[in-house]
Structures are given as C-alpha cells and as structure tokens.
Amino acid sequence: MTTTTARGAAPARKATGPGHGTAAPRPRRRPRSDLKVALLFIAPAMLGLVVFYLVPTIRGIYLSFTEYNILGTPKWVGGANYAAIAKDPLFWNALGVTTQYVLINIVLQTVLALGLALLMHRVAKSTFIRGSLLLPYLMANVIAALLWFWLLDYQIGIVNNIIDALGLPRVAFFGSEEWAIPTQALINTWRHMGYTALLIFAGLQAIPQHVYEVANLDGASPFQTFRKITMPLLRPVIVLVLIVTVIGSFQVFDTVAVTTQGGPINASRVLQFYIYQRAFTESDFGYGSALAVILFVILALVAFIQMKFLKGNESDLD
Amino acid sequence: MTTATSATRSSRFKSSGGSKRRRPFNWRRAGAWVLVILAVAVSVLPFYWVLRTSLSSNSALASNASNLLPADFNLGAYKRVFGLQTAQEAMAEGGSGAKIDFWIYLRNTVLFAGITTAGAVFFSAMAAYAFSRLRWRGRNAVFSLFLATMMVPPIFTALPNFLLIKNLGLLNTLLGMVLPYLFMTPFAIFFLRQFFLNMSREVEEAAMLDGARHLRIFFQIVLPNAAAPIATLALLTFIGQWNEYFWPLLVGNQENVRVLTVGLGVFKSQSPQGAPDWSGLMAATLVSALPVLLLFIAFGKKIVNSIGFSGIK
C-alpha cells in the first residue's frame, strides 16, 4: 500500500505545482489560506479517522496490557499477556499455520498471476477474458468458501468425483490436518489470481514498447528480454502485489470461519481466527488485543522488509 | 533519439511484413490460448456447478453426482431460499430443514452496503477536495495521517471499535454496523484526490471570480466533473461492503440485523453434518451473489479498468 502512496503522491504534487505553487505569479486573488473551509470539508472524515482509527489504535495497545472480559473495567497487568502468549502453544501453532498459508499463497498466486498477465499481454488482451478472470475476486470470501466447500466435498463433491474417476484416492480437503491449510490457500488463490494478474498486466502495459524494440535489435532472446527488461521494470508492481498478498493473507478469516472453524484439531486455526476466538468467544479482550498487536507488528515488519529489500519505491523506468 | 526512432520504425515494418500475412499454425500460440481458456474455465465453471446444484434436488444429487445437467431439475431450493417452502417440504426433498430469512438479510445487506457507500464516498469526496483543491498549512501532514491508517489491519481496530459500539448501546443495530465506515475510507480519499488534482483550475477560478463559494464549487463543478471516478469508486465500495463479513458478524449477528454473508454462514452451520442442504445452500449462495453479478454484467468494463488504477497509479 505504501508503494501506491509514494508513487501516487509524486506526480500529483508535480501536477499542482504550476497551478498554485508559491513561485508561480498569479493574478488577482492572493495566496490566502483556505484553512477554515478546509477544516469544514475534512470535518466528517476527521471524525471518522479519530473515532474509528486513531483512538481504537491507542485503545487497542492499552487493552493489550490489561485483563479485560468486557464486564467491569480493564485491569492493568503490564506485559503479562505478552508473556503468556510467548508460552502459548496455540499462538505458536497459529503463527505457524498462518505462515504456511501465506507462503503457499505468495508462491502460487504470484507465479500463476505473472503467467496469466504475460498471456494476457501477449495473446489475449480482451476485456471479456480479463472480466471472467476477475469474477471470483468480486465474490465475497464467504461465497467462495461455500462454493468450494461444496465442490470439494468428500462424498459427492465434483472434484473428488473426478479424482475418484481417475482412479486416485479421494481427498478430505477440509477434514484432514495436512490438507486443511493448503485447501484454504487454494481457495484464496482461486479468488485472487485474476485480480493479481490484472495488476501485473497493468504494469506490463506501462512498459514502453520501444525498450523491447531496442532489445530486439540487439538480438536479445525472449528469455533474456524477460529477465533483463520485463522483470526489473515490473519490480514496483511485483513489490506491490507481494505486499498486498502477504498482508492480505496474514488476515485470513472468512474462509476459515465458514468452513473448518480452525479444525481439524488446530490445523487451520489461523492467527485472526485465534484472535477472534480469544476475544469474542472466550471474551478475553486483553489477550485478544495483545495477539492483535503482535499481528499488527508482524504486518508492519513484513511491509517494511519488503520495501527495503525489494526497493519498491524505485522504478528503473525513470 | 532520432536513430532510435528510425530503427524502431524499420524493425516494426520488417516484423509486420514477414510473419503476419501468412501466419502458419503456431504451436506456442495455440498452447498459450489453451492456458488462457483453462484459466477462464477455472474462474467461471465453478459458478455453473453452483447453478446446476441449486436446480437439483438433494436426494438426486448423490446418485447423479457427475451429471453435467441438474439432477431431478426443480426450483425447490429457490423456493426454500425465498421462504416459499415449509421445512417439511424441504426435508421431503432431502434438505435439512434449516431456513434462511432471505428477505430480512437482503434488506439488511442493501441498507448496510448502501448507507456505508453513500456516506463514505460523499464524505471522502469532501476530504479529497480539501486535500487537492484547497491550500492550507499542514495539508500534506494530515493527508499522510489518513494514508497511514491504510496500514492498520481491520482486526486491530475491530476489537476496540466493537467495545465502543457496545458501550454506545449500538450492538445489533444497523447504526452500529454502519458507523465505522460511514465517514470515510482512506482508500476512497486517496482515490478521489488523484482525480481532483488533475482537474483544470480554470472553470473553478472563473466561478470564484463570479463570487461562487467553495460549497457551490464543490457541488456544482467538482462533483459533476468527477462523476465517472466517483461512480467507479461507489461501485467498488458497494461491492466490497456487500461482501463484508467480519464486522457485521461481530456487531450484527442477530436475526433482525444479520446481513447475507453472515446469514449464509449460519445457514451452512445449521445443516447437520449428515445431510447438508446442498441445493438450498447453493441457491442461497447464488442469490446472494446475484446483485454483484448483475453489477458486474452492467459495469464490467469499468470495474476491470479501475483495477489497473487502484493498484498502480
């Protein structure tokens, strides 16, 4: 998301510059400040920001240092929640399971989407095809989950019937410990593949044609062109896609909540579902908040590392 | 520069002259098309299977599991969804007898998605106007603050927001469900600001000279001129809100305020493990997705084209 910001802000500022920068001499009305009007215009948004983003952020951090079961008042316990989390096998399990889910998603989604984007760019640019690929993305997670819950049903689901017809053993997609998380990841990949491909496709289209033509003249092979030109120029988009995918997958909830509910045993108890259970089913808000803080920190770290190492801010284009 | 241009031209000329006219059957191209078609099939065919299931009867599904056409074609599942069939009739068709108050959920979803979209888009447009067309100190700092909130994961604010809504006595009310989304979304502000920045100042300044105030400029010049991006944003927001699950699950989990996504989850979990009402569930799924499908058919191009923008620009 930060890439979006950084890249979006730059040309924008340029565009405004000549219009009313301090340097540009402007006739008539003088650089008076619109502060009063501006305050009026941002008042509702500001209310939303303060009440539903800023204060909750601070309150969430505060609650993570308390013991609070909704009834009564929060009781300050210092770092006790965090100490407990460090020794909580369910937390480490959730972290492991979530990481597994994230990894499958990144690899599968990025590779498939990159392939699809290249196909769209080279072979099929039609809006109809792009639209069809986007269809799953527009469905609710809940719908995607239910749809695949049926398609992958052990007894009479079509996928298992096909597997059976091929002479292979049926797979308990939701019911077995080793399949629970890969299945959730597959559903998510199905839903997001087209969307991710479209993002990359838009990036491909932004690469000026003449770069390729020059490479052609120099006798570069298609593979060399891809490695030396397409990939580097595509880097900002890939970084964006990776960040969005990782941050999004760390917060998987809907699919798990509707299908496996964390099971079998703990096989699909992802972090967000665990937070939900601790806070809302066991009404342990302090503990839940501490888990949420940890998730928040993980997400911030991941975004930071990705930006840093993949240098997402810079494009080789300029 | 000149050499590059002429070289470009000649190379393009050469390639189009040679291969395009009599393009021989190209295996690689054919293979690429097969892959494209496969991807489209994987994306779209599951929906056909859902439709096929919803038109089948539960008792016939098991024995005709792989038939491409509906097994024992009937509309019972849809009748069940719309509340036109009694539990007895449903069970006679192999259903579980669980029911779904579709009309109530639909009403709630329409209100939830409609109100949050209208509020968020309108108030975000106002803020975007202040961030793009007005000059004031601290503008960029405040804008960065709004952008920073994009980084906060929803689960993190959901817990304290739930407590706030609870303390206000708004649990299981439409107002409580709507409030956190009503005033803005950081993305909407960002999205619209991009468009407002690129609008020409001339009309606006002329209006200013005629003595128009900011409110009039906003309503009569900026909003109408940005109708297209605002419509796109509203569309995307509406679809997103229609599909929202987590927050409505927390705040609106009672029958009278339950939205479709939450209702579907409940309907599914009501089915006893032995005999889930597959055709009923698939009918409900399809009907719940129908508004988005219709929007997609009507505005598909707009949605598809906005994806490039939302990600990259």
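## A buried helix

Before we start, a residue is called buried here when its relative accessible area is under 20%. Please keep in mind that this is a predicted model.

With that cut-off in hand, have a look at helix H6 of chain A, which spans residues 141-151. Ten of its eleven residues are buried, so H6(A) is largely enclosed by the rest of the structure. The buried residues are Val142(A), Ile143(A), Ala144(A), Ala145(A), Leu146(A), Leu147(A), Trp148(A), Phe149(A), Trp150(A) and Leu151(A).

## The largest nonpolar core

The largest nonpolar core holds 198 residues, and those touching the most other members are Ile200(A), Phe285(A), Phe131(B), Phe162(B), Phe196(B) and Leu250(B). Helix H16 of chain B (residues 278-312) gives the most to this core, contributing 15 residues.

Phe196(B) is worth a visit. Setting aside neighbours within four places in sequence, Phe196(B) is in contact with Ala125(B), Ala128(B), Tyr129(B), Ser132(B), Arg133(B), Val222(B) and Ala226(B).

## Two helices from two chains

How do H2(A) and H7(B) pack, and at what angle? Helix H2 of chain A (residues 35-63) meets helix H7 of chain B (residues 139-148) at about 45 degrees, with the axes 11 Å apart. That angle makes H2(A) oblique to H7(B), and the crossing is left-handed.

On the H2(A) side, the contact is made by Ile42(A), Ala45(A), Met46(A), Leu49(A) and Leu54(A), while H7(B) brings Val142(B), Leu145(B) and Phe146(B). Sorted by class, this contact has eight nonpolar residues, with no polar and no charged ones.

Methods:
Residues are numbered from 1 along each chain as its sequence is written. Chains are lettered from A and ligands numbered from 1 in the order in which they are written. This is a predicted model: local features need pLDDT of at least 70, side-chain atom pairs count only at pLDDT 80 or more; totals for chains, interfaces and linings use all residues. Side-chain values use heavy atoms; hydrogens and water are left out. Buried means under 20% relative accessible area, exposed over 50%, partly exposed in between (1.4 Å probe, protein chains only). Helices (H or I, at least four residues) and strands (E, at least two) are DSSP runs, numbered from the N terminus. A nonpolar core is a set of buried Ala, Val, Leu, Ile, Met, Phe, Trp, Tyr and Cys residues joined through side-chain atoms within 4.5 Å. Contact means heavy atoms within 4.5 Å. Axes are lines fitted to C-alpha atoms, for helices over the stretch in contact, and angles run from 0 to 180 degrees between N-to-C directions. Angles under 35 degrees count as roughly parallel, over 145 as roughly antiparallel, 65 to 115 as roughly perpendicular and the rest as oblique. A crossing is left-handed if the near helix is turned anticlockwise from the far one by less than a right angle, and right-handed if clockwise. Ala, Val, Leu, Ile, Met, Phe, Trp, Tyr, Cys and Pro count as nonpolar, Asp, Glu, Lys and Arg as charged, and the others, Gly among them, as polar.
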